[in-house]
Structures are given as C-alpha cells and as structure tokens.
Amino acid sequence: MATANKVDLDGRPIKPITICMIGAGGFIGSHLCEKLLLETPHKILALDVYNDKIKHLLEPDSLPWVDRIQFHRLNIKHDSRLEGLIKMADLTINLAAICTPADYNTRPLDTIYSNFIDALPVVKYCSENNKRLIHFSTCEVYGKTIGSFLPKDSPLREDPAYYILKEDASPCIFGPIEKQRWSYACAKQLIERLIYAEGAENGLEFTIVRPFNWIGPRMDFIPGIDGPSEGVPRVLACFSNALLRREPLKLVDGGQSQRTFVYIKDAIEAVLLMIENPARANGHIFNVGNPHNEVTVRQLAEMMTKVYSQVSGEPAPEVPTVDVSSKEFYGEGYDDSDKRIPDMTIINRQLGWNPKTSLWDLLESTLTYQHRTYAEAVKKAIAKPTCS
Ligand SMILES: NC(=O)c1ccc[n+]([C@@H]2O[C@H](COP(=O)([O-])OP(=O)(O)OC[C@H]3O[C@@H](n4cnc5c(N)ncnc54)[C@H](O)[C@@H]3O)[C@@H](O)[C@H]2O)c1
Ligand SMILES: O=C(O)[C@H]1O[C@H](OP(=O)(O)OP(=O)(O)OC[C@H]2O[C@@H](n3ccc(=O)[nH]c3=O)[C@H](O)[C@@H]2O)[C@H](O)[C@@H](O)[C@@H]1O
C-alpha cells in the first residue's frame, strides 16, 4: 500500500503525482503499474491499445487503488485525446513501441514509424506544455562493440575499454542500411537526439532509459496460446515456448552473441527512483541492466533447460538445442549486437541503484510463472487433432 511520508534520496517529502503512462499495457508497463499502485500514492493514466496484462489491476471495481488508475484504450498514432491526457499529468512515461527483433527487418517501416514518428507528438506535447518526460529507448542504440571490429585473436578484445557501453562515451555502431535489423536502433537513436535537443534548446525536462534485456513474467507471448502461432517473440518467450512444448531451443547462428539479463523487478526499482527523484534524473540518459548476469545465448539456453526441468519436474529433453541460421529464423537483413555490458557509473552516482537478482534466481521465478500460466494450455494445444 501507499507509504505515508516517504522521502526522496535528498530527504525531501515525495508528493503524489499523476503519471501519463503510454504503453502501460505491455510487459514493462504492467510491472510499473503494479509497483506504483502497490507501493506509492501516485495516480496513473494508463494508455494502450491492449490491457490484458493489466486486467488484474483494473478489475474488479473493489480493488483498493481503483481511483488511482484509469485505462484509456487508444492508439497514439491517431488520437486527439493524447495532448489532453499529457496535460492532465505531471509526468509522461513513453513505453509504446514495436520492440521485437523479428519485426525490425521484416516490418522496417512500421518499426521506424513506431519508434520515431509516433513518439514525436509525445515529445512535442511535453515540451510545449512544460511536462516532464521519461522516454524508453534501448541498449540497442550502442549497436555493436568497438571490440567486434578487432581481429579475432587481438588481446584488446579482453580490454573493457573495447566493449563496456557508456552513456556519455561509447559510439553508436550500426551495420549497413541493407541490414534492416538496425531500423529500430536508428529510430530510437534519433528520438533520443531529438529529446536531448528539446532539453538543450527548449528546456524540456527529460530522462532517457536504456534497458539492457529486462526479462520476467508477462514478457511477450507464447505463440499459438496468447499470441499468433507464426509470431516470433523475444528470446525469453521463444525459449519458454520450446521448453513448454518439449522441442529443441533454436540457437541463431550458433548462439554465440552475448547478453546481460536483468530481472524486471530490479529494473522497475530503478524506474521508480527516476520518477521520485527528478532533480537527480532530469537531463540524464541511464543504462539499466545487470553487468554480472552475462551469458552467451547458448549458455542461456542451457541454463533455462536446467531450471525448467527443476521447475516442471520433467527430465530435460535428449536434444535440448538445435542450430539455425539467422536468415532462416529472422529472414533477410538480420544482424546482431555481439555483446552488451552496461557501464553503471551514472546510475550508481545519480540514483544509487544496483541490480540484485542472479540469472539463475530470475529464471527460476520467471519459468515457474511460465509453467503455471501456460503448461496446461500448451498440453491441450498439442493434443488437439490438426484439421486435414
Ligand atoms: N523489455 C526490454 O528489455 C526492453 C529493452 C530495451 C528497450 N525496451 C523499450 O521499452 C519499451 C517497452 O518495452 P516492453 O518490453 O514493455 O514492450 P511491449 O511490447 O510489451 O510493450 C509496449 C506496449 O506499447 C503499446 N503500444 C505500441 N504502440 C502503441 C500505439 N501506437 N499506441 C498505444 N500503445 C502502443 C503496445 O500495445 C504494448 O502494450 C519499448 O519502448 C522498448 O523499445 C524494452
Ligand atoms: O531487450 C533489450 O534490451 C533490447 O534488445 C532486444 O534485442 P535482442 O536482445 O537481440 O533480442 P532477443 O530476442 O532477446 O534475442 C537475444 C539473442 O537471442 C537470439 N535468439 C533469439 C530467439 C531464439 O529463439 N533463438 C536465439 O538464438 C537472438 O538472435 C539474439 O542474439 C530487442 O531489440 C528489444 O526488446 C530491446 O530493445
């Protein structure tokens, strides 16, 4: 419940505010709504096209926070209510985006429109109405590491200077235009530059968040259960789907790319600190990730297989993984980030935030959720005779 007399990091009382949260019905939005309703006195204007992931927060009417959340079903591409809702709030948080890699090279126009063009009015309305903005960007703006261009046997590849990603120092390195994978990262980079410029020239109070592979319950969908059968979600849901169906996990191009995964509940703590400490968060770009949870995608597959076996009580399949080419899996124009380790200096200094949960522990709680939520439905779907 809302805690009385809570103070910020500088000892000042935190006043209840109204937050216009765009994309509130998605993975991150659902966790942020939950946190705000359970642990703060703030009000939420929740905007999204869908609300399935926050249904439990909206119904029944008897929920204790019923007067602190209002859902508005709208598409920000074309809805005249947007400016009015931003004006009603003290702070806007923009989460709305197409953000699944399978879309970047197959639907590059939708990807660019969603991540740049559709975000423009949000920035404009915040700037014109002197409203604070927290905008969700991505670690993909770093693209590839400098180290990935060194010869394979170069000892410099081991030097953190060639791979650690720093908000105020690292370059953004994307592949050629024909590698349409980078349509998302490039659109996100341009909206970051626009927001930064609105801050510099027009005094917009902004914070930019660069999430590094946040994962946990409610991420994406399980194909054929609560999303399209042919859909390709992000890696957590792809691997969960394979484990639930007892099929081999597909390793794209050998699963050699590296990622650092952070538990959604740790990451949401960082966002709450940004919300409640504007003086420390405004004007900053923050990496939010867990540098200690680095694995190759192959190692992730192996760990998820072990954890799922423990959670479900079923033995691991005999053939746990299978290699597939990126062209086969994602189609023409796919490319990849080789390695993503966030530098944590700025978020440590400004907000004193550190992630807590190990990769094993976060996979254990997430796969427990996946098993409880989907195992029966997947069994039924598999048992259904296919139409001839
Ligand atoms: N999950 C991660 O680890 C991660 C990593 C990097 C960046 N991000 C960024 O964080 C944000 C949220 O990511 P997520 O993982 O919660 O994704 P998500 O797809 O689960 O949530 C996005 C939500 O935005 C909504 N939306 C999209 N377009 C809209 C529109 N035109 N009008 C209204 N609503 C719209 C969608 O319906 C969805 O509910 C995105 O901007 C994404 O690029 C997420
Ligand atoms: O989460 C993030 O921080 C950002 O990165 C993600 O990009 P990426 O990490 O490449 O996407 P995933 O789908 O999570 O894939 C991770 C890796 O696993 C691989 N993969 C994915 C799925 C699969 O079945 N098998 C497989 O080997 C991919 O090729 C990639 O190398 C998405 O672009 C965004 O959601 C977000 O902005």
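How far apart do the end C-alpha atoms of residues 19-289 lie, and how much of the span is helix and how much strand? Hi everyone, let's start there. What we have on screen is a predicted model. In it, the end C-alpha atoms of that span are 24 Å apart, and the span is 35% helix and 18% strand.

Now to ligand 2. There are 26 residues around it, and the ones that come nearest are Tyr-104, Glu-140, Tyr-184, Asn-213 and Asp-336. Let me go through some polar contacts. The side chain of Glu-140 places a polar atom 2.5 Å from an oxygen atom of ligand 2. For Tyr-104, a side-chain N or O atom sits 2.6 Å from an oxygen of the ligand. Pro-211 takes part through its backbone instead, with an N or O atom 3.3 Å from a ligand 2 oxygen. And how much of the ligand does the protein bury? Taken alone, ligand 2 exposes 710 Å², and 96% of that is buried by the protein. If you want to find the shell by element, look at α4 (101-104), α8 (235-245), β9 (249-252) and α12 (326-330), which each give two or more residues to it.

Last stop, the surface. Leu-109, Ile-112, Tyr-113 and Ile-117 make a nonpolar patch of about 370 Å². Tyr-113 belongs to helix α5, residues 108-115.

Thanks, all, and I'm happy to go back to any view.

Notes. Residues numbered from 1 in each chain as written. Chains lettered and ligands numbered in written order. Predicted model: local features only at pLDDT ≥ 70, side-chain atom pairs only at ≥ 80, totals over all residues. Heavy atoms only, no water. Patch = residues over 30% accessible without salt bridge, like charges linked within 9 Å, V, L, I, M, F, W, Y side chains within 5 Å. Areas by Shrake-Rupley, 256 points an atom, 1.4 Å probe, with all protein chains shown as cover. Salt bridge = Lys/Arg side-chain N within 4 Å of Asp/Glu carboxyl O. Helix = DSSP H or I, 4+ residues; strand = E, 2+ residues; numbered from the N terminus. Near = heavy atom within 4 Å. Polar contact = N/O pair within 3.5 Å; in protein donor to acceptor, adjacent residues only side chain to side chain.
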